[in-house]
Amino acid sequence: MKFKTVKTAPIEGQMPGTSGLRKKTRVFMEPNYLENFIQATFDAIGGGAGKTFVVGGDGRYFNKDAIQVILKMAAGNGATKVIVGQNGILSTPAASHLIRLNKADGGFILSASHNPGGIDEDFGVKFNAANGGPASEALTAKVFEATTTISAFETIDTDDIDLSRIGTTSHGNMTIQVVDPVSDYQALMESLFDFDAIRALFVSGFTMRFDAMHAVTGPYGTAILENALGAPAGTVTNGIPLEDFGKGHPDPNPIWAKELMDVMTSDNAPDLGAASDGDGDRNMIVGRGAYVTPSDSLAILAANAHLAPAYAAGLAGIARSMPTSAAGDRVAQKLGIQAFETPTGWKFFGNLLDADKVTICGEESAGTGSNHVREKDGLWAVLLWLNILAVRKQSVSEIVADHWKTFGRDYYSRFDFEAVASDKANDMMQNLRGRLDGLTGKSFAGLTVVSADEFSYLDPVDGSVSNNQGLRITFEGDGRAVFRLSGTGTQGATVRLYLGQYSGQNGDINQDTQTALQNVRDAAFEISEMQATIGRVDPDVIT
Ligand code: VG1
Ligand code: CO
């Protein structure tokens with residue numbers, strides 16, 4: 001083993017987005033591309049010397065190669081220890097847990113989440129800090145800064161390290177501990193939920209289908225749902241992680257998890273359907289013929305969390321990202337606890353969780369999680385649902401209907417316009433931004449604007465401010481439209497339009513979602529002048 005300093009030069013565009021640096025896989029495979037970003041991260045955290053890191057990824061194409069690069073660079077930068085998932089596999093929440101459990105100084109998670117995988121698809125790298133959560137905006141800014149001035153990176157000369165066997169090996173001054181990706185995570189889940197009650201639920205004949213979408217949650221789902229909780233073999237489908245996710249799009253929503261949706265709306269539908277994404281931090285919940293919107297799922301989990309052992313003492317507070325519906329806020333109000341509204345991305349929940357201001361957090365994009373880790377956690381959400389179903393002994397649709405009767409219903413839908421030319425998308429946002437001040441009181445498609453602003457967030461814990469976090473317009477009659485540009489895409493711009501319409505306890509809570517949202521949708525199209533600016537009003541994906 002020999003230490004080696006390799007000369008390099010800055011590479012443009014290494015600015016992390018909502019969740020790490022995401023690019024086409026071939027971009028990551030270009031000479032020094034990954035190395036530069038990893039070295040910049042070590043530099044931004046004050047070096048790797050004497051530190052412990054966790055490394056793992058969702059198993060997509062290039063995962064194994066990237067991990068070898070990172071392990072060698074960790075040694076080159078003087079790290080003491082790296083904990084890595086067997087065969088390089090770790091789900092995002094499991095990696096977050098390992099960082100916390102081992103009091104590591106941080107971790108590298110290799111994933112582009114729900115984006116497809118393969119040599120012609122997407123790859124990503126995320127750095128999580130010592131609290132187990134995504135790097136703060138301040139830290140990502142430092143990493144980016146370091147990518148613009150980099151001149152060399154540190155590594156070692158050695159053969160590839162065998163990650164197929166569990167155990168600890170020495171590599172010069174650094175040890176590498178290969179761990180089972182599932183066992184510590186499973187122990188954490190067992191400490192949070194009433195596994196006996198869930199086991200009894202399955203014994204009573206309750207049926208479920210968990211679609212791992214050929215991504216990282218396969219081994220987790222099989223170990224926990226089938227082996228530990230006694231769900232019949234075959235409950236987990238598409239359970240073997242593949243480098244290209246079976247050429248699918250591992251995004252758990254009714255569009256991309258169509259195979260599951262078809263089963264859930266058929267005569268043979270099991271009691272519960274669930275799916276997770278590429279790296280295991282998202283979840284979709286669907287009852288027999290009843291899709292639960294992620295915003296509702298957050299609210300329902302919060303309202304019922306006390307039924308699970310870990311949350312029996314109640315919640316400190318509830319946080320949601322701004323585009324997420326206010327359903328969770330209504331629960332917080334009833335429980336007499338605080339509700340927080342943060343920008344999109346899990347990094348903004350970290351401080352609130354660390355300061356014990358909130359226990360449960362969620363995003364409209366199918367992310368829900370709690371203070372057990374510092375990431376959203378797909379399987380955790382599924383297990384909390386199962387725990388609630390085991391205690392309430394009602395169906396998913398009964399629980400949802402009961403929730404709407406108590407709190408009213410937040411109709412919700414997101415329209416995504418993908419691969420829009422970046423300049424056009426920016427023009428559309430700039431045009432709308434420039435007119436926000438004059439919108440209040442004006443009517444669009446028959447709806448009067450009550451307020452219009454650009455969301456900025458003042459972090460109540462560290463006082464930092466994050467500007468430009470989405471344009472939001474509220475209408476008379478409790479409707480809302482939000483516009484923002486995605487920060488996870490790898491091609492052009494993705495415009496997201498989030499639509500919401502509240503209908504109170506006495507309102508009509510049984511409408512078709514798109515019908516209920518028609519007025520806000522028409523008003524949003526008119527206000528944004530989308531047709532004129534980006535040339536389209538037909539979304540690629542509606543969730
Ligand atoms: C999207 C979602 C956001 C989520 C982020 C990372 O970001 O909207 O809610 O936190 O992905 O999730 P954006 O900027 O594209 O809207 V994951 O599961 O892709 O790591
Ligand atoms: Co994800």
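**Helix 4 and the rest of the model**

Reply: To begin, helix 4 is followed by K103, whose phi is positive, near 45°. Helices (H or I, at least four residues) and strands (E, at least two) are DSSP runs, numbered from the N terminus.

Me: What should I know about the model and its numbering?
Reply: This is a predicted model, in which local features need pLDDT of at least 70 and side-chain atom pairs count only at pLDDT 80 or more, while totals for chains, interfaces and linings use all residues. Residues are numbered from 1 along each chain as its sequence is written, and chains are lettered from A and ligands numbered from 1 in the order in which they are written.

Me: Why is helix 4 largely enclosed?
Reply: Nine of the ten residues of helix 4 (residues 92-101) are buried, so the rest of the structure largely encloses it. A residue is buried if 20 or more other C-beta atoms lie within 10 Å of its own, exposed if 12 or fewer, and partly exposed in between, with C-beta atoms placed from the backbone.

Me: What do the buried residues of helix 4 pack against?
Reply: They pack against strand 3 (52-57), strand 4 (81-89), strand 5 (106-110), strand 6 (122-128), helix 6 (183-192) and helix 13 (378-392).

Me: Which residues touch the most other members of the largest nonpolar core?
Reply: Of its 124 residues, V82, A302 and L384 do. Such a core is a set of buried Ala, Val, Leu, Ile, Met, Phe, Trp, Tyr and Cys residues joined through C-beta atoms within 7 Å. Helix 13 gives the largest share, eleven residues. Domain 1 (2-181) and domain 2 (185-407) both contribute residues, so this core lies between them. Domain bounds come from an automatic or database domain assignment.

Me: How many residues of domain 2 are in contact with domain 3?
Reply: 19 residues of domain 2 are in contact with 20 residues of domain 3. On the domain 2 side, helix 10 (294-304), helix 12 (350-354) and helix 14 (396-407) each supply at least two residues. That side divides into ten nonpolar, six polar and three charged residues. Here Ala, Val, Leu, Ile, Met, Phe, Trp, Tyr, Cys and Pro count as nonpolar, Asp, Glu, Lys and Arg as charged, and the others, Gly among them, as polar.

Me: And which residues are closest to ligand 1?
Reply: Among the 18 residues that surround ligand 1, the closest are T18, S113, S486, G487 and T488. A residue is near a molecule if its C-beta atom, placed from the backbone, lies within 6 Å of it. The shell has one nonpolar, twelve polar and five charged residues.

Technical notes: Contact = placed C-beta atoms within 7 Å.
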